[in-house]
Structures are given as C-alpha cells and as structure tokens.
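Colleague: I would like a close look at one part of this model, with the backbone geometry and the ligand site taken together.

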Amino acid sequence: MSVLLRVVMKMKFNTELLHNSFMGDKATGATVMPIYQTSAFAYPSPEKLEDVFNNKAFGFAYTRIGNPTVSAFENRMVVLEKGIGAIACASGMSAITLSLLNVLSAGDEIIASSGLFGGTIDLFQDLQSFGITTRFVRHIEINEIAPLINDKTKVVFAELIGNPALDIVDIDNVSAFLHQKGIPFFIDSTTATPYLIRPIEHGADIVIHSTSKYINGGGNAVSGVIIDSGNFRWDTERYPALAQYGKFGKFAYLSRLRNGIWRNIGACLSPMNAFMNMVGMETLALRMERIGDNALKLAEFFSSVEGIEVNYPSLPSSPYYERCRKLFDGKGGAIITIRTGSRKKAFAVMNRLHIPLIATNIGDVRTLVIHPASTIYTHSDIRKRENAGVYDDTIRISVGIEDIDDLTEDFAQAFAGLKEE
Ligand SMILES: *Cc1c(COP(=O)(O)O)cnc(C)c1O
C-alpha cells in the first residue's frame, strides 16, 4: 500500500514524513523500527562477512559503522531534507566537526558569522591548532564575505536562523554567489527545521542539524546529522581529502565520511537515541505549528510590555521580517530573545517565572529560558557576545507547546513583579 502511495501521489509534509518509505522493520512488520541494541552482527561464513566489510553485499557488521535503527533515522532525515544521503552522529557538535574535517586540510580557511551558536565558535577556535583558520564576518551577506574570499577559502558556514542572534541568511543569493566562486555552502539548519525550510532547495550543499533539538522534540537524546545535497562538484585538487573518493561522483563526500573520517573518529549515534529521534520527529510539524503560534503570540505580548525590547523574526520590528516572510512564509521559529534593561532585571524575571524551566537547550516541548551572557556565552568577550545579539540583560526563550494563556499570564506576572521592586 505504502509503495503504491509513493508512486501515485505527491505527498505533503506530514504524509511524506510518515509514509514516503517504510520506516518500520521489514523483517517483522513492526510499524516502528525496533531498537537494534547490539554492537555486532554475525554471519554464517567468513566469506559473507568479507563481502559486507568490502561493500560488496548489503549488511551490517558493527554498530559504529552501521546499524538498522540508525539507518532508518538517516533515511528519514534524507526524506525530510531532500538530500541524497545522511550520516547520523553522536551530537550536533560532532556532526559539525565531521562535516568540516571531511573536506578540510591544514592551511584551509572557513568563513563564518560571529553570531553562531557558542559551541561552534569554540570549535572553530579548536580547529586553529590543526591549521584550519576561520574568518569571521558579522553576518553572512555577500558584501561582507566577498572581501575575505581567497584560494584557501574552502567552506562558508552559516546558521540559517542564528541562535540566538535570530538573523536570517539570504540563502538563495548567497549560495548562488558562492557557487560562482566554487565554494560550498554549509548550513546549520537546527533552528529553522525542515518544517520552515529545506535549505537544499535554496542552494545549500551540506545541511547539518543538532537533532537534539526540534527533530527529537522531547529533549530526551543528544544527536546530530549531516545531509548531503549531492549538488556540489568537489574538485579533488582543491579538496585533496576527497582524492580517493572522486570515483564515487556525487557520492564522493558521503563516501569519504562513511568509509573514512566519520567511522574512524567514531562519533556514531547510539541505536537507542536514533529510536528516540524517530518517535519524536513524527510530530515535528504538529509541534512546530503550535510552537510558532505560541511564539508569535508571546512576542506580540512582549512588544506591548513597557521596558521590554523583543527580537523575533516574524514581528514587523525585526530587520529580518521580509526575509522571514519570503523564506518561511512568515513563520518565525521557536526562539525569542528579550532585553529587560539590566542583568539584575533579567535574573529577577527568570526567578519569578513558574512555568519555563531554566535550562540550556532549545527545541523541547517545554518552554525553556536562559541568560546567555552568563552561560552559553560565558567564554566569549563582549564584542563576540554582542555580535551574537547577547547583552547582559538578554533572556533567550525557547518556546514550548504549553497553553498560550498560561505562558502569557506567567510572563505578565513576572514582569509586573519588576515594577514592585
Ligand atoms: C545545540 C546546537 C548545536 C550543538 O548541538 P549538540 O547536539 O548540543 O551537540 C549546534 N548548532 C546549533 C544551532 C544548536 O542550537
């Protein structure tokens, strides 16, 4: 039935997510892919195992290299993002690291924006000791990156919606510009999610997610994924790391990851966490619709509060309002930042809230709040913080699926408490 459906119908988001390919277990008919909680897979003869090891026969050998539950999750991400293949990793950070190390060598340069997720900024600093240098711009805009491009520039890396700066990349124009220069565009689309946009349809070459966030959706497992569009033509002279893999054509990038650096570094996803993601991601659109509605209503409420400055891309006051309409049909995602006037007031508001949890995560079904300057940006100097839209009085809110009246009422009483002090 499902097979027929796939042939005759052009499916919309949810139908495709649930039915595009059978994500259950062909061996037993289980409708949900079981957790293959095993390290190794045994074969009846050494010849069979030899064939599997040498990619001459389909099969699994060892969970670091491949596992049916993890494969099912990867396939589903390919369906969601419209790539040619995906590789799941132990975390979003390992996905970012491996996506880059797969093609970069000592002496190469990355261009990235300084408003990136703090962990990614720290990673770029770590890569410096391996001879990989990152040149930072304030925003990934053509006029800012053009002067920094040289022969060593091998990757431009951006978050489609910066976390927590909430700046939005003009992805179609930037990717067209980069492709003229022969440079691939790597997009961390964690905060946008495939529900808001499929970056590959807008020119992204490699898409990365921290699937710990909206894809998992329940805040119950850390993981990441790398999805390849298959569109970038890797010149193996410019990218010698791929030299042995040129024969795989558009699969060169994925082949080197899977047969080389990803399996050798060993940051594989556990079958249990792949399973948690598979269950969670089935409700991605439902959650994102509800979260988006809640976030817009909360942002509108914040705008009406005296002394509170709000940043949310689908508010007309955001400089990214038009881009948000064009790219995401006006949906603004799940993150809002507000400025309260002082660090003391930010802490007072957070201490008065009853519903949101104070935690360093996004993409949970629960609303979470954090004071970024004293936590995720504590290692950054003031300039870097402010480039990321993080001030001493900033609170980041990751909006959940609670009932909006309860959330609004809770924030209202927390703000009201400020005046009494
Ligand atoms: C959380 C996050 C990461 C890191 O992912 P982990 O799964 O925590 O390793 C990377 N990029 C963005 C935008 C994130 O929000």
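Colleague: Is Asp-329 buried or exposed?

Modeller: Asp-329 is exposed, with a relative accessible area of 63%; this is a predicted model. The residue sits in the loop between helix H13 (321–328) and strand E9 (335–339). Its phi is positive, about 60 degrees, although Asp-329 is not a glycine. Most residues other than glycine have a negative phi, and most peptide bonds are trans.

Leu-166 also has a positive phi, near 60 degrees, and is not a glycine either. Leu-166 belongs to the loop between E4 and H8. At 2% relative accessibility, Leu-166 counts as buried, because the cut-off for buried is under 20%.

The loop between strand E4 (153–159) and helix H8 (171–180) also holds Pro-164. The peptide bond leading from Asn-163 into Pro-164 is cis, with omega near 10 degrees.

Asn-163 leads on to the ligand: an N or O atom in its side chain is 3.2 Å from a ligand oxygen. The protein covers 90% of the 380 Å² of accessible area that the ligand has on its own. Backbone atoms take part as well. A polar backbone atom of Gly-92 is 2.8 Å from an oxygen atom of the ligand, and for Met-93 a backbone N or O atom lies 2.8 Å from a ligand oxygen.

Helix H5 (residues 92–101) gives the largest share of the shell around the ligand, three residues. There are 15 residues around the ligand, and Gly-92, Asp-188, Ser-210, Ser-212 and Lys-213 come nearest. By class, the shell has five nonpolar, seven polar and three charged residues.

Conventions. Residues numbered from 1 in each chain as written. Predicted model: local features only at pLDDT ≥ 70, side-chain atom pairs only at ≥ 80, totals over all residues. Heavy atoms only, no water. Near = heavy atom within 4 Å. Polar contact = N/O pair within 3.5 Å; in protein donor to acceptor, adjacent residues only side chain to side chain. Areas by Shrake-Rupley, 256 points an atom, 1.4 Å probe, with all protein chains shown as cover. Helix = DSSP H or I, 4+ residues; strand = E, 2+ residues; numbered from the N terminus. Nonpolar A, V, L, I, M, F, W, Y, C, P; charged D, E, K, R; others polar. Buried < 20%, exposed > 50% of the residue type's maximum accessible area, 1.4 Å probe, protein only.
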